Amino acid sequence: MAKQLTFKIDNRNFSLDTVKVDRKKIYGWSEMMVTNQCGSICTAALLNDDGMTVAPAGSTKPGIISSEGEWVSRDELVAMDADGNEAILVASSFEREIELGNPISLDDFLSMNIESVYQLFGEGARELAGVIGDGIYGFEFSYRGGYQTNDACILACGEKVFILIGTKAIFPFVSIGEQGVLDEENPEIEITEEIDFNMF
């Protein structure tokens with residue numbers, strides 16, 4: 001069953017189903033199968049540092065060890081932000097109302113690295129498309145909830161509504177570290193020798 005997102009815009013609520021736009025269904029896909037001499041499909045495995053122990057794929061799992069060498073469960077961990085403060089837990093976007101404010105600029109939209117695209121379906125999809133019009137609205141999105149959110153935007157194409165999820169690309173301003181000074185008092189260089197074009 002498709003999950004629903006609830007959007008609020010112009011004091012109106014729209015609850016719509018989300019269906020992911022699968023790139024495989026649009027462009028197709030290819031797979032590489034590795035077989036042995038008998039034609040059987042090979043499976044991936046890991047070779048331990050001892051050079052003898054073979055671990056099939058999926059049999060290993062990363063873990064967290066404390067400074068004392070003891071195993072630490074994820075329940076004991078505390079998320080911190082860059083300033084050293086405890087991070088704020090964010091609820092899933094499917095569990096809360098998403099309020100759409102003012103439209104974002106086209107430059108902000110084009111600077112996003114899009115990772116996922118969803119189409120919205122439901123009775124209010126056509127009406128929401130009319131309310132959005134040519135605008136592009138940005139919001140924060142979290143699929144499962146947690147301490148991080150993705151950048152997202154919603155836009156309409158005709159009577160269809162799409163949300164695009166990704167991250168904003170940051171383009172730092174590149175410039176010369178020190179400003180150059182134009183010295184207008186340089187004397188003209190007097191050429192005393194004849195120039196021979198064979199010198200070049």
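Four aromatic pairs turn up in this structure, which is a predicted model. Two of them are set out here.

| Pair | Ring centres apart | Angle between planes | Class |
|---|---|---|---|
| Phe7 and Phe139 | 5.6 Å | 75° | edge-to-face |
| Phe94 and Tyr143 | 5.2 Å | 80° | edge-to-face |

Start with Phe7 and Phe139. Phe7 sits in strand 1 (residues 4-9) and Phe139 in strand 9 (residues 137-141), so their pairing ties together parts that are 132 residues apart in sequence. Both Phe7 and Phe139 are buried.

Phe94 and Tyr143 also link distant parts of the chain, 49 residues apart. Here the partners come from loops: Phe94 from the one between strand 6 (71-72) and strand 7 (97-99), Tyr143 from the one between strand 9 and strand 10 (150-157). Phe94 is buried, at 18% relative accessible area, while Tyr143 is partly exposed at 31%. Together with Phe141, Phe94 and Tyr143 make up one aromatic cluster.

Over at Trp29, Lys24 lies over the ring face at 5.7 Å from the centre.

Now for the cysteines. The structure has zero disulfides. Cys38 is in none, and its nearest cysteine sulfur, that of Cys42, is 9.9 Å away. A disulfide needs the two sulfurs within 2.5 Å. Cys38 is exposed, with a relative accessible area of 75%, whereas Cys42 is partly exposed at 37%.

Last, a look at Leu110. This residue belongs to helix 2 (residues 106-110) and is exposed, with 60% relative accessible area. Leu110 and Lys168 are 58 residues apart in sequence, yet their C-alpha atoms are 9.0 Å apart in space.

How values were computed
Residues numbered from 1 in each chain as written. Predicted model: local features only at pLDDT ≥ 70, side-chain atom pairs only at ≥ 80, totals over all residues. Heavy atoms only, no water. Buried < 20%, exposed > 50% of the residue type's maximum accessible area, 1.4 Å probe, protein only. Helix = DSSP H or I, 4+ residues; strand = E, 2+ residues; numbered from the N terminus. Phe/Tyr/Trp six-rings, centres within 6.5 Å; stacked < 30°, edge-to-face > 60°. Lys NZ or Arg CZ within 6 Å of the ring centre and 35° of its normal.
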